[in-house]
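User: I am new to this structure and would like to go through its strands and helices step by step. Could we start with the sheet and then turn to the helices?

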Amino acid sequence: SMYLILQQEDPDDYVIATGIATSVRDFVTTAFQFIGIKIEFTGTGVDEIGTISNINQDKLEEKLGKKIVHLKKGMEVVKIDSYYYRPTEVDLLIGDSSKARKILGWEPEYNLDMIIDDMMTSDILLMKKDDYLKKGGFVVQAQIEDII
């Protein structure tokens, strides 16, 4: 899409999106499934939490490249934080890429599952890189997720 946008004679704005909505809950569930963890959600609103309901140890070890022993069934791994709510939250966010499809001839090549797989693979590689550097005696800058 970026290539097609940059080839246009006149600059313009384009929305690049699949046009398919998904919930944060479904996104998180799929991301955890990528590494072999099944999540169960309970509660509602700011009281909703996600806990581990099942762990496929073989898949987890295969994806992460090491044995993980601190994760257990029933462990809370997802929690709502109202700090991240938008001041004017909308009920539905969905991208309209009809202009890009019409003018650029662009069509999505990836679905949500493919994007989540790419994101998880990338994050796992970064985690492995950080582990490697730490074992070599280097100081690795903490990620924001590590200090919140």
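Analyst: Two strands are taken to pair if DSSP finds at least two bridges between them. This is a predicted model, and with that rule its sheet can be described as open, with three strands in the order E1-E2-E3 and antiparallel pairing.

User: Which strands stand at the edges of the sheet?

Analyst: The sheet is open and has the order E1-E2-E3. Each edge strand has a single partner strand, so one side of it is left without a neighbour in the sheet, and this holds for E1 and strand E3 (76-79).

User: How many bridges join E2 to E3?

Analyst: Strand E1 (residues 37-42) and strand E2 (residues 49-55) pair in the antiparallel sense over six bridges. E2 and E3 also run antiparallel, and the number of bridges that join them is three.

User: Which residue of E3 is the bridge partner of Thr 51?

Analyst: Thr 51 lies in E2, where it is the bridge partner of Glu 40. Towards E3, the bridge partner of Thr 51 is Glu 76.

User: Which residue takes a positive phi in the hairpin of E1 and E2?

Analyst: Within the pairing of these strands, Phe 41 stands opposite Gly 50 in E2. The hairpin has six residues between the strands, and the one with a positive phi, near 85°, is Gly 43.

User: Where does H2 lie, and at about what angle does it run to E1?

Analyst: Helix H2 covers residues 24-34. H2 lies across E1 and E3, and its angle to E1 is about 155°.

User: Is the crossing of H2 and H5 right-handed or left-handed?

Analyst: The axes of helix H2 and helix H5 (residues 112-135) come within 10 Å and cross at roughly 55°. That angle makes H2 oblique to H5. As for its hand, the crossing of the two helices is right-handed.

User: How many nonpolar residues does the contact of H2 with H5 have?

Analyst: From H2, the contact is made by Phe 27, Thr 30, Ala 31 and Phe 34, while the residues of H5 include Leu 112, Ile 116 and Asp 117. By class, two residues of this contact are polar and two are charged, and the number of nonpolar residues is eight.

User: Which residue caps the N-terminal end of helix H3?

Analyst: Helix H3 (residues 57-64) is followed by Gly 65, whose phi is positive, near 75°. At the N-terminal end, a side-chain oxygen lies 3.2 Å from the backbone nitrogen of Asp 58, and the capping residue that supplies this oxygen is Asn 56.

Key:
Residues numbered from 1 in each chain as written. Predicted model: local features only at pLDDT ≥ 70, side-chain atom pairs only at ≥ 80, totals over all residues. Heavy atoms only, no water. Axes fitted to C-alpha atoms, helices over the stretch in contact; angles between N-to-C directions. Helix = DSSP H or I, 4+ residues; strand = E, 2+ residues; numbered from the N terminus. Parallel < 35°, antiparallel > 145°, perpendicular 65-115°, else oblique. Left-handed = near helix turned anticlockwise from the far one by under 90°. Contact = heavy atoms within 4.5 Å. Nonpolar A, V, L, I, M, F, W, Y, C, P; charged D, E, K, R; others polar. Polar contact = N/O pair within 3.5 Å; in protein donor to acceptor, adjacent residues only side chain to side chain.
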